[in-house]
Every structure is written in C-alpha cells, then in structure tokens.
Amino acid sequence: VDHLLSVSQANFLLFTSIWTIFPALIYLFLAPRFLSREGHFKFADAIIDGITALFWFAGFIALAVWYHGLDFCFGKVCGTIVAACVFGAFEW
C-alpha cells in the first residue's frame, strides 16, 4: 500500500501546476514589461506556452491511464483522482 501514498503521475501534475504559476506566468507577464525588444526572445512566449500545454496534456493522460489500471479504489481517493484528471484536461 506504500506505493499508493504518492504516485508519480499525481506528483507530475503537482509539478505542472507549480510550473504554470511560477516560471511560466511570471515570465509571460513580466518579460515583455521589463525586457527590451532585443532582450526578449521572439518565440519565447510560444515555446513556454507549448511546454506548459504539453506538461498538462502528459500529466492528465498519465494519471488517467494509471487510474484505469487500478483494481480497487476506496474512499474519496477515486473522486479526487477523477477530479485531478478533469482539471488537468481543462488546463490543457
């Protein structure tokens, strides 16, 4: 049961939400304001948006595949996993 306490798929979605809040949003909002045109890479916004979308897509797919492979589910864990998959899909 110890392997169910912290699954890597859920940890990856947690990382993705932190990535979305801190590096991605901070850069996307502050770089155009404080960096000059020459210092701001032309395609950086698209690259960061693409990486963030890829993280969300991979995270919710991985969690959904892991959830589908469970033989049992008890308590509120199942609803939490489904909610995490749905929110991951919306974020993507």
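This is a predicted model: local features need pLDDT of at least 70, side-chain atom pairs count only at pLDDT 80 or more; totals for chains, interfaces and linings use all residues.
The protein chain contains three helices and zero strands, and if you follow it from the N terminus the order of elements reads α-α-α. The chain has 92 residues, of which 22% count as buried. If we consider the contacts in the protein chain with a separation of 6 or more, 63% of them are accounted for by residues 24 or more positions apart.

I will begin with the pair formed by helix 1 and helix 2. Helix 1 covers residues 8–34 and helix 2 covers residues 44–68, and their axes come within 9 Å of each other while crossing at roughly 165°. Since angles over 145 degrees count as roughly antiparallel, that crossing makes helix 1 roughly antiparallel to helix 2. The crossing of these two helices is left-handed, and the contact between helix 1 and helix 2, sorted by class, has 18 nonpolar, six polar and two charged residues.

Two threonines let us look at this pair in detail. Thr20 belongs to helix 1, and with a relative accessible area of 15% Thr20 is buried. Thr52, for its part, lies in helix 2, and Thr52 is buried as well, its relative accessible area being 9%. Which residues does Thr52 contact, once its neighbours within four places in sequence are left aside? They are Trp19, Thr20 and Ala24. Turning to Thr20, and again leaving aside neighbours within four places in sequence, we find contacts with Leu25, Thr52 and Trp56.

Now I move along to helix 2 and helix 3. Here the axes are 8 Å apart, and the two helices pack at an angle of about 155°; helix 2 and helix 3 are therefore roughly antiparallel to each other. Helix 2 passes helix 3 in a left-handed crossing. On the side of helix 2, the residues that meet helix 3 are Trp56, Phe60, Leu63, Ala64, Trp66 and Tyr67, and their partners in helix 3 include Cys78, Ile81, Val82 and Cys85. Sorted by class, this contact of helix 2 with helix 3 has twelve nonpolar, one polar and one charged residues.

Within helix 3 I would like to point out two cysteines. Cys78 is found in helix 3 and is buried, with a relative accessible area of 16%. Tyr67 and Cys78 are eleven residues apart along the chain, and the distance between their C-alpha atoms is 8.2 Å. The other cysteine, Cys85, touches Phe60, Leu63 and Ala64 when residues up to four places away in sequence are not counted.

That brings me to the core. In soluble globular proteins, nonpolar side chains tend to be buried together. Which residues make up the largest nonpolar core here? There are five of them in all, namely Leu13, Trp56, Leu63, Ile81 and Cys85. Helix 2 and helix 3, the latter spanning 77–91, each supply at least two residues of this core.

Definitions and conventions. Residues are numbered from 1 along each chain as its sequence is written. Side-chain values use heavy atoms; hydrogens and water are left out. Axes are lines fitted to C-alpha atoms, for helices over the stretch in contact, and angles run from 0 to 180 degrees between N-to-C directions. Helices (H or I, at least four residues) and strands (E, at least two) are DSSP runs, numbered from the N terminus. Angles under 35 degrees count as roughly parallel, over 145 as roughly antiparallel, 65 to 115 as roughly perpendicular and the rest as oblique. A crossing is left-handed if the near helix is turned anticlockwise from the far one by less than a right angle, and right-handed if clockwise. Ala, Val, Leu, Ile, Met, Phe, Trp, Tyr, Cys and Pro count as nonpolar, Asp, Glu, Lys and Arg as charged, and the others, Gly among them, as polar. Buried means under 20% relative accessible area, exposed over 50%, partly exposed in between (1.4 Å probe, protein chains only). Contact means heavy atoms within 4.5 Å. A nonpolar core is a set of buried Ala, Val, Leu, Ile, Met, Phe, Trp, Tyr and Cys residues joined through side-chain atoms within 4.5 Å.
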